[in-house]
Amino acid sequence: MPAFILLVYSSIIFQISCLVMPAGDRSENCNSKASIKSTEKPCLISAKLKRWERKECKPNSLPVLQKMHVKVGDTVKVISGRDKGKIGEITKIFKHNSTVVISEINLKTKHVKSREEGEPGQIIKIEAPIHSSNVMLYSKEKEVASRVGHKTLENGKRVRYLIKTGEIIDTEERLKELMEGKKKTELAAAAGGAS
């Protein structure tokens with residue numbers, strides 16, 4: 001037999017013998033091998049999100065979240081891809097893979113099976129996520145897309161603003177509108193779930 005196969009075979013036998021032995025009978029070699037593996041520098045673990053997608057996790061199994069330049073409710077313009085030039089509002093954000101869902105943009109066809117016996121199947125359109133690097137914040141007033149900047153106001157609050165126009169994005173009125181919209185959707189979901 002080649003030396004490589006013998007080496008692999010002997011290491012497998014050694015590992016099995018360390019696992020099978022009672023805790024009191026294990027030699028120092030069994031314990032030292034285990035400790036050597038655990039002291040290596042920690043690497044990022046991949047947790048299952050879907051069958052085809054992996055989510056990077058920290059060693060404590062929490063997902064690694066990306067910093068993003070957009071938030072829910074922002075008006076954005078798509079700058080690349082099939083829907084280039086279209087303007088819409090962000091409805092959902094996925095921070096683990098840095099993607100966003102924009103209303104009425106990047107529509108995909110989904111075939112839905114019937115759930116009950118008499119109910120027919122459906123073909124519906126759903127909004128698929130787009131990577132956040134493919135969208136740019138958009139000013140409705142000046143009708144221009146711009147990069148985002150950060151500055152601190154006189155009252156000490158840190159806000160986002162559009163670099164081209166100087167327009168502040170995070171205003172008090174806008175935050176109130178977003179909170180009211182969130183409450184309405186929660187109430188509608190609760191009413192839909194109750195009926």
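The second largest pocket is lined by 14 residues, and those nearest its centre are Met68, Val70, Lys71, His150 and Arg160. Its volume is about 220 Å³. The structure is a predicted model, in which local features need pLDDT of at least 70 and side-chain atom pairs count only at pLDDT 80 or more, while totals for chains, interfaces and linings use all residues. Residues are numbered from 1 along each chain as its sequence is written, and side-chain values use heavy atoms, with hydrogens and water left out.

A pocket here is an open set of points on a 1 Å grid over the protein atoms alone, where a 1.4 Å probe fits and protein lies on both sides within 12 Å along at least five of seven lines; lining residues have an atom within 4 Å of a point. Grid points are joined across faces, edges and corners, and a volume is the space filled by probe spheres set on the points.

Strand 12 (residues 158-162) gives the largest share of the lining of the second largest pocket, three residues. Strands (E, at least two residues) and helices (H or I, at least four) are DSSP runs numbered from the N terminus. By class, this lining has five nonpolar, three polar and six charged residues. Asp, Glu, Lys and Arg count as charged; Ala, Val, Leu, Ile, Met, Phe, Trp, Tyr, Cys and Pro as nonpolar; and the others, Gly among them, as polar.

Strand 12 runs antiparallel to strand 11 (residues 148-152), and five bridges join them. Two strands pair if DSSP finds at least two bridges between them. Gly149 has Tyr161 in strand 12 as its bridge partner.

Three bridges join strand 9 to strand 10, and Tyr138 has Ala145 in strand 10 as its bridge partner.

Strand 9 (135-139) and helix 3 (172-194) each supply at least two residues of the lining of the largest pocket. About 360 Å³ of space lies in the largest pocket. It is lined by 17 residues, and Gly73, Thr75, Glu167, Ile169 and Arg174 are the closest to its centre. The lining divides into six nonpolar, four polar and seven charged residues.
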